[in-house]
Amino acid sequence: MKKCSVFLFLLVTLAAVGQKEYRIEGKVRNAAGNTVVQLLVWAGNMGKVIGSDTLKDGRFSFRGKLEEVPLRMSVFVEGDSALYGNLSFWVGEPLTKIEGDKPCVALWKVKSKLRQQQEENRFVKNSARITREYERVRFDKEDEYVAEYKDQHSKHPKMKDYPVTRLFDSLSALKAEADLKILEEQAVLSEVGLERLYEHARKLRSPQCPPGLRERVEKLYLRLDPALKTTARGNEIHIYLYPVKICEVGERLADGLLFDREGREHHLSDYLGKYILLDFWSRGCGPCLMAQPELEELAEKFRDSLHVISISLEVSEKGWKEAIRDLKGIQLCDFKGEGGLIASYGFDGIPKFVVIGPDGKILDKWTGYGKGIFEARLKKLCKIYDGENK
């Protein structure tokens with residue numbers, strides 16, 4: 001018993017050694033007394049709220065421990081209609097100070113000795129005027145923008161002008177140009193530059209991609225440190241620059257190295273012989289989470305003829321394990337985000353579903369979830385609902 005206690009003590013001690021304490025102290029001027037400040041931590045594109053504090057005399061604070069630094073975080077506010085937007089910053093020093101004296105939260109001042117934060121401050125300062133206008137317009141005209149978006153993406157879009165969308169696009173273009181110029185002035189790109197470069201790389205898949213953007217992104221990518229190129233973010237940028245061949249219906253499945261909860265290696269080819277329903281998802285996606293109960297029911301009901309395989313777009317092993325803690329079934333991950341296996345099936349949003357036959361041929365793929373969608377699709381493809389197999 002005594003040996004066991006010593007062993008447990010050593011485990012706790014070793015875990016603590018790998019953690020670094022952080023403290024965030026903030027002061028906001030002229031804010032409402034009931035204003036709540038929320039703290040998020042980022043892993044790739046996934047943000048998770050890890051703290052909440054109500055302003056007292058205009059002050060808020062957070063403290064905790066991190067296993068990895070530097071780490072990107074954000075704060076946003078609730079309960080004060082005069083404040084809008086959110087602030088992104090980097091944590092790695094024991095103390096980070098935030099001063100809020102503007103209604104645009106994205107322009108609050110962050111004081112830190114951390115190199116990454118000082119670089120972030122340069123980006124923020126360089127595009128402050130544009131950011132202020134962009135965030136204010138988004139706050140004031142959000143309902144109009146959403147209405148225009150729905151109209152443009154409806155089955156029968158109306159041929160008319162979209163003034164709010166046009167304004168957003170013009171402000172976004174100005175901010176993007178300001179960021180690109182700073183990136184191009186830097187001799188070496190850090191984690192901060194990598195995040196900024198990723199935002200530009202994502203635009204390469206858009207039909208409205210600005211002329212010349214690909215060449216500018218590629219030059220910046222080639223200047224990246226090799227270590228950054230091998231990160232999930234670096235891999236995502238690579239996929240946007242040099243897209244992989246997208247597997248279409250009727251073709252052989254695309255495969256790759258995947259890991260389960262225990263760290264064991266898997267390939268999709270391991271599951272051939274039965275039908276496969278791939279579910280590409282993320283914990284930050286509402287429809288993805290809504291689909292999980294129906295997917296679990298499907299896996300149980302047709303366990304003799306169908307494998308339901310959920311592949312997360314998480315890039316953090318810890319974050320992924322937290323996300324699947326209460327989920328059943330075959331849960332796998334390649335930790336490459338948008339640049340992982342999903343790219344071979346055409347990343348156009350999530351949840352994305354792919355149906356594969358027992359012989360490895362792709363039978364169907366689609367994006368989006370609605371209750372009953374699986375039954376409607378699978379009945380036409382493999383007849384598992386009445387016990388028949390193609």
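Domain bounds here come from an automatic or database domain assignment. On that basis the chain of this predicted model splits into domain 1 (20-112), domain 2 (129-152 + 163-241) and domain 3 (251-388). Residues are numbered from 1 along each chain as its sequence is written, and side-chain values use heavy atoms, with hydrogens and water left out. Since the model is predicted, local features need pLDDT of at least 70 and side-chain atom pairs count only at pLDDT 80 or more, while totals for chains, interfaces and linings use all residues.

Domains 1 and 3 have C-alpha centres 36 Å apart. Their contact (heavy atoms within 4.5 Å) takes six residues from domain 1 and nine residues from domain 3.

Now to the strands. Helices (H or I, at least four residues) and strands (E, at least two) are DSSP runs, numbered from the N terminus, and two strands count as paired if DSSP finds at least two bridges between them. Strand E1 (residues 20-28) is joined to strand E4 (residues 59-66) by eight bridges, the two running antiparallel; Tyr22 has Gly64 of E4 as its bridge partner. E1 also pairs with E7, in the parallel sense, over six bridges. Here Lys27 stands opposite Glu99 and Val28 opposite Gly100. E7 in turn pairs with strand E8 (residues 109-111) in the antiparallel sense over three bridges, with Lys97 facing Lys111 as its bridge partner.

Buried means under 20% relative accessible area, against over 50% for exposed and in between for partly exposed (1.4 Å probe, protein chains only).

Another four strands form an open sheet in the order E3-E2-E5-E6, with antiparallel pairing. Strand E3 (46-54) and strand E6 (86-91) sit at the edges with a single partner strand each, so one side of each has no neighbour in the sheet. Direction ignored, neighbouring strands of this sheet are turned by 25° against each other on average, the axes being lines fitted to C-alpha atoms (for helices over the stretch in contact) and angles running from 0 to 180 degrees between N-to-C directions. Within the sheet, strand E2 (residues 36-43) and strand E5 (residues 71-78) share six bridges in the antiparallel sense, and Val37 stands opposite Val77.

As for the interior, a nonpolar core is a set of buried Ala, Val, Leu, Ile, Met, Phe, Trp, Tyr and Cys residues joined through side-chain atoms within 4.5 Å. The largest has 42 residues, and Leu268, Leu278, Phe280 and Tyr345 have the most contacts inside it. Among the elements that each supply at least two residues of this core are helix H5 (163-185), helix H6 (191-201) and strand E11 (275-281); H6 gives the most, with five residues. At least three residues come from each of domain 2 and domain 3. Leu278 touches Leu268, Ile309, Ile311, Tyr345, Lys352, Phe353, Val354 and Ile356, not counting residues up to four places away in sequence. Apart from this core lies another, of 22 residues, including Leu66, Leu71, Met73 and Trp108.

Helix H12 (residues 373-381) buries Phe374, Leu378 and Leu381. Seen down the axis of H12, these buried residues fall within an arc of 60° (taken from the directions from the helix axis to the C-beta atoms), so they line one face of the helix. Their cover includes E11, helix H10 (286-301), E12, E14 and strand E15 (362-367).
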